[in-house]
Amino acid sequence: MSQWNPTARLSYWAFHANRRPSYMRFAYLQLGSDAAAEAAVDATFDSIMHEWLRMLHMDRLDAYAWTILKQRLVDRQRANSAGPEPMHVTAFEAALKEAHADRYEVLADTIRFYSAVSRLAERQRDAVLLRYGLQCTPREAASVMGVDEATVRSQLGQAHRRLARLLDASAGS
């Protein structure tokens with residue numbers, strides 16, 4: 001990085017500052033721990049830094065960065081495969097937050113929902129987790145994923161239809 005021109009350095013740090021918070025939140029949803037999320041995101045930005053000068057010439061820099069994050073998450077999930085399923089950890093957290101509701105029912109519904117989400121296609125799952133897990137707008141999700149907003153809206157529509165079928169099927173079981 002020390003050999004980079006000032007513009008390249010500034011653009012990298014601006015990208016880092018802009019993306020790190022959403023990458024951390026997404027990684028936490030996927031991995032279930034702050035430490036694992038931080039390790040995955042740090043590895044992501046290390047990889048991005050090594051590729052940054054080349055990435056500056058890409059049409060879809062954000063999309064490429066997103067694929068790097070997704071690969072680092074897979075790497076971290078493999079390394080942590082002995083622990084609980086991260087989405088189920090999130091389900092327990094949701095149940096604990098819902099003090100006024102029946103905690104067992106909230107937990108069961110949340111696990112059922114995350115189980116259905118885990119069966120979506122990868123891009124649909126990413127769009128759902130960003131939109132509903134992290135409360136991103138479709139525009140924000142599109143920006144993080146490096147795709148058009150229309151693509152996110154389409155992925156969400158497809159995910160809604162698939163989730164409705166999956167949750168109907170699991171409710172009947």
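**Aromatic pairs and a helix end**

The structure holds eight aromatic pairs. It is a predicted model, in which local features need pLDDT of at least 70 and side-chain atom pairs count only at pLDDT 80 or more, while totals for chains, interfaces and linings use all residues. Residues are numbered from 1 along each chain as its sequence is written, and side-chain values use heavy atoms, with hydrogens and water left out.

Rings of Phe, Tyr and Trp (its six-membered ring) pair if their centres lie within 6.5 Å; planes under 30 degrees apart count as stacked, over 60 as edge-to-face and the rest as tilted. Start with Tyr 12 and Trp 13. Their pair is edge-to-face, with 4.9 Å centre to centre and 75° between the planes.

How much of each residue is accessible? Buried means under 20% relative accessible area, exposed over 50%, and partly exposed in between (1.4 Å probe, protein chains only). Tyr 12 has 1% relative accessibility, so it counts as buried. Trp 13 has 42%, so it counts as partly exposed.

Tyr 12 also pairs with Trp 52. This pair is edge-to-face too: 5.6 Å centre to centre, 80° between the planes. Tyr 12 lies in helix α1 (residues 6-31) and Trp 52 in helix α2 (residues 34-55), so the pair ties together parts that are 40 residues apart in sequence. Helices (H or I, at least four residues) and strands (E, at least two) are DSSP runs, numbered from the N terminus. Tyr 12 and Trp 52 are both buried.

One aromatic cluster includes Tyr 12, Trp 13 and Trp 52, with Trp 4 and Phe 15 also among its members.

Now turn to helix α6 (residues 122-133). Its buried residues include Gln 124, Arg 125 and Asp 126. After α6 comes Gln 135, with a positive phi near 55°.
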